[in-house]
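Thank you all for coming. Please have a look at the model on the screen, and I will walk you through a few parts of it.

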Amino acid sequence: LAAIYDWHTGFAFAGFGMLIGLGIYLVGQKHLPAESGREVRLRMPLSKGDRRRIAGLVLVWPVSCMFWIAQTQVWNVYNLWVRDHLDLRVGRFTVPVPWLQAIDGLAPVIMLPAILALWRRQAVRHQEPDSLVKLAIGCAIFSASAVWLAAAPAVSGPDGKAPLLWGVAFHFISNLGWLYFTPIIVTLFAAKSPASLRGTMIGVNTTAVFAASLISGRIGGLYERLSPSEFWLLHAAIVGSGSLLVLT
């Protein structure tokens, strides 16, 4: 767990380094060669509507942080859970623990066409949820996937290990939430930000991963003191609270 926390800390400080780079760019951009029309747009004062949209995006930022607190555990403490609480045997072959994480990259690709088709069908019927509702749905689904992990003891054998397919199903459930959340929040920050600050605000959204990595690393230390079910229910509560915040 100490190694996991060190990884989280390193990842977080890598994000901090990017923030420093962004600050250097913003301070030093006056020394860049002028571009026709661009310099004028950068110096235009923000309107009242622009400031209102920025404030709205800032209010959404903690929700992004809550989502990534749960998501980043899939890259870390989840490996320990898979090793100790999932039956990795397929005949005489033992599935390597990292193979489960590989499913995390495959599941969105498999599900994306169906999700896009669903959204297109909903749009034709004027029933497609708006961006905020999609964020809430994504958080709720990811919360359900954490509850799925917490419920693993209910299907575990005498050895205390759940079937391999239980872990596989988790990746498809959690990545359904990922599809509803991650692309949508990037689009939201890009669409609602003033043109002169669009890149900066997308960067602000990325800092949620930085903050969540620090917090998630700390929470990972609780894995030694909580039962596995309590640990995953804690994450379900965190990301589920993000869903409630968006809806309110």
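Predicted model: local features only at pLDDT ≥ 70, side-chain atom pairs only at ≥ 80, totals over all residues.

Let me start with Ser-193, which sits in the loop between helix H7, residues 164–192, and helix H8, residues 198–220. Is Ser-193 buried or exposed? Its relative accessible area is 4%, and because anything under 20% counts as buried, Ser-193 is a buried residue. The side chain of Ser-193 reaches the backbone oxygen of Phe-189 at 2.4 Å, and, if we leave aside neighbours within four places in sequence, Ser-193 is also in contact with Leu-57, Arg-198 and Met-201.

The mean pLDDT of the protein is 86, and 86% of its residues reach 70 or more. Which elements have the lowest and the highest mean pLDDT? Helix H2, residues 38–43, has the lowest at 49, whereas helix H6, residues 131–150, has the highest at 96. There is also a stretch to treat with care, namely residues 1–13, where pLDDT stays under 50, although the model has 25 contacts for this stretch beyond four places in sequence.

Now to the overall picture. The secondary structure comes to 9 helices and 2 strands, and, read along the sequence, these follow the pattern α-α-α-α-β-β-α-α-α-α-α. Of the 248 residues in the protein, 39% are buried. If we take the contacts between residues at least 6 apart in sequence, 81% of them join residues at least 24 apart.

Ile-219 and Gln-73 are 146 residues apart in sequence, and yet their C-alpha atoms are 9.2 Å apart in space. Not counting residues up to four places away in sequence, Ile-219 touches Ile-69, Gln-73, Phe-231, Leu-234, His-235 and Ile-238. With 13% relative accessibility, Ile-219 counts as buried as well.

Which residues make the nonpolar surface patch of about 320 Å²? They are Val-90, Phe-93 and Trp-99. Val-90 is found in strand E1, residues 89–90, and is partly exposed, with a relative accessible area of 47%.

Finally, the charged side chains. Side chains of opposite charge can pair when their charged atoms come close. How many salt bridges does a search of the whole structure find? It finds 4, and I will go through some of them. Arg-83 and Asp-84 meet in a salt bridge at 2.9 Å, N to O; Arg-83 is partly exposed, at 46% relative accessibility, and Asp-84 is partly exposed too, at 33%. The side chains of Arg-89 and Asp-87 meet in another salt bridge, at 3.0 Å, N to O, and here Arg-89 is exposed, with a relative accessible area of 53%. In a further salt bridge, Lys-134 pairs with Glu-128, and the closest N and O atoms are 2.6 Å apart. In this pair Lys-134 is buried, with a relative accessible area of 5%, whereas Glu-128 counts as partly exposed, at 35%.

Note on methods
Residues numbered from 1 in each chain as written. Heavy atoms only, no water. pLDDT = per-residue confidence, 0-100. Helix = DSSP H or I, 4+ residues; strand = E, 2+ residues; numbered from the N terminus. Contact = heavy atoms within 4.5 Å. Patch = residues over 30% accessible without salt bridge, like charges linked within 9 Å, V, L, I, M, F, W, Y side chains within 5 Å. Areas by Shrake-Rupley, 256 points an atom, 1.4 Å probe, with all protein chains shown as cover. Buried < 20%, exposed > 50% of the residue type's maximum accessible area, 1.4 Å probe, protein only. Polar contact = N/O pair within 3.5 Å; in protein donor to acceptor, adjacent residues only side chain to side chain.
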